[in-house]
Amino acid sequence: MASVTIDDVRKSFGQTEVLHGVSVDIEEGEFVVLVGPSGCGKSTLLRMLAGLENITSGRILIGDKVVNKLPPKERDIAMVFQNYALYPHLTVAENMGFSLKLNGVSKADIAERVKPAAEILGLAHLLERYPRQLSGGQRQRVAMGRAIVRDPQVFLFDEPLSNLDAKLRVSMRTEIKNLHNRLTTTTVYVTHDQIEAMTMADKIVVMNDGRVEQIGAPLELYDNPANLFVAGFIGSPAMNMVQGTLSNGHFAAGNGQALPTPSRLPADVGNGRTLIYGIRPEGIALGGEVPLQVEVTEPTGSETYVAGQMGGAPVTCVFRERVAARPGDTIQISVDPAAVHLFDAESGDRLTRPAV
């Protein structure tokens, strides 16, 4: 395994710049997830790391070697794509060992490397089957096995679960994380699904419009989003946002409703400034002095989602209790001041101090 350094990397197509000076340091053995909405540049960055896309400027290092000009086969990486890209006329064993065969590895050595990889992935009993005889999850494991047998310094995953159904996605992300724990190979994983990012990553790189918005551990980004974009992107349901103003240390929503003042408010936040009041759905509890006009209730069994209006803005609450309220009802809620973030409405930057 090796570290990966992405140093001020830029990418332009003609006059259009799509990556604007991206820098990320990835430690040996780390599982790093690049996450962001479609078109943010995460897959382009991954393809540049793989050597499938040229770099306009900047440097990419694998270990201590600059690989800007190296072809993919000389970078000692293995990539798993969104599409399984299996050869339909080859068996599972032949698919897994195909790249080794192209490199002139003997049949005996290929078999020795395919067998343990198949056992790790639960494919040992399927080695003689063809792709058409496999489920979607099994095909994706074959694609992963093809990468494992190469024993690369770095694994690259480009949205490998997006073609799977919801239940299979959950089980496969667990399998991939378990695989990383066993192999400890440096891994860079691209997804637009922030739940995948939160559950799998050692470190998350949040991207938007070709720029890095924030880098950190999953809970660090969740608890201390640097700006409105990260606050709204990380977390499901997303953080609630209520616009208003601060006056003499008290926050008033746009409709005049007073909301609990955040406990981590810096002293230099001026009066009359337009702010965004952010609170996670689980930071709201039943009972209190803040009215919530109920619009929708969604019982899931263990939790109840309640969507409504607070301070004239749409919010979503997650309650562990059963809620009997119906659309049109008004219920009383409380907001945990320690869980409140304030953001500047113009710049989007967080103003409240980080949570401990």
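Student: Which residues does UniProt list for "domain: ABC transporter"?

Tutor: The unreviewed UniProt entry lists residues 4–234, in the numbering used here, with a shortened feature name and with the caution that annotations may be inferred rather than shown by experiment. This is a predicted model, in which local features need pLDDT of at least 70 and side-chain atom pairs count only at pLDDT 80 or more, while totals for chains, interfaces and linings use all residues. Residues are numbered from 1 along each chain as its sequence is written, and side-chain values use heavy atoms, with hydrogens and water left out.

Student: What makes the protein one of two domains, and where are they?

Tutor: The bounds come from an automatic or database domain assignment, which divides the protein into domain 1 (4–228) and domain 2 (237–344). Their C-alpha centres lie 39 Å apart.

Student: How do you know that domain 1 and domain 2 are in contact?

Tutor: Contact means heavy atoms within 4.5 Å, and by that rule seven residues of domain 1 are in contact with eight residues of domain 2.

Student: What is the area buried between domain 1 and domain 2, and why is it called buried?

Tutor: The term is used because buried area is the accessible area (1.4 Å probe) that two parts lose on being put together, summed over both. For domain 1 and domain 2 the value is about 590 Å², of which carbon and sulfur atoms give 59%. Y222, P225 and L228 supply 82% of the area that domain 1 buries against domain 2, more than any other three residues.

Student: Why is the pair of D7 and R59 called a salt bridge?

Tutor: A salt bridge is a side-chain nitrogen of Lys or Arg within 4 Å of a carboxyl oxygen of Asp or Glu. The closest N and O atoms of D7 and R59 are 3.4 Å apart, so the pair meets the rule. D7 is in strand β1 (residues 4–13) and R59 in strand β4 (residues 57–62), 52 residues apart; strands (E, at least two residues) and helices (H or I, at least four) are DSSP runs, numbered from the N terminus.

Student: How many salt bridges does the structure hold, and how many does the rule find across the interface of domain 1 and domain 2?

Tutor: The structure holds 13 salt bridges, whereas across the interface of domain 1 and domain 2 the rule finds zero.

Student: What makes the peptide bond from S236 to P237 cis, and where does P237 lie?

Tutor: The bond is described as cis, with omega near 0°, and P237 lies in the loop between α9 (228–233) and β11 (240–247).
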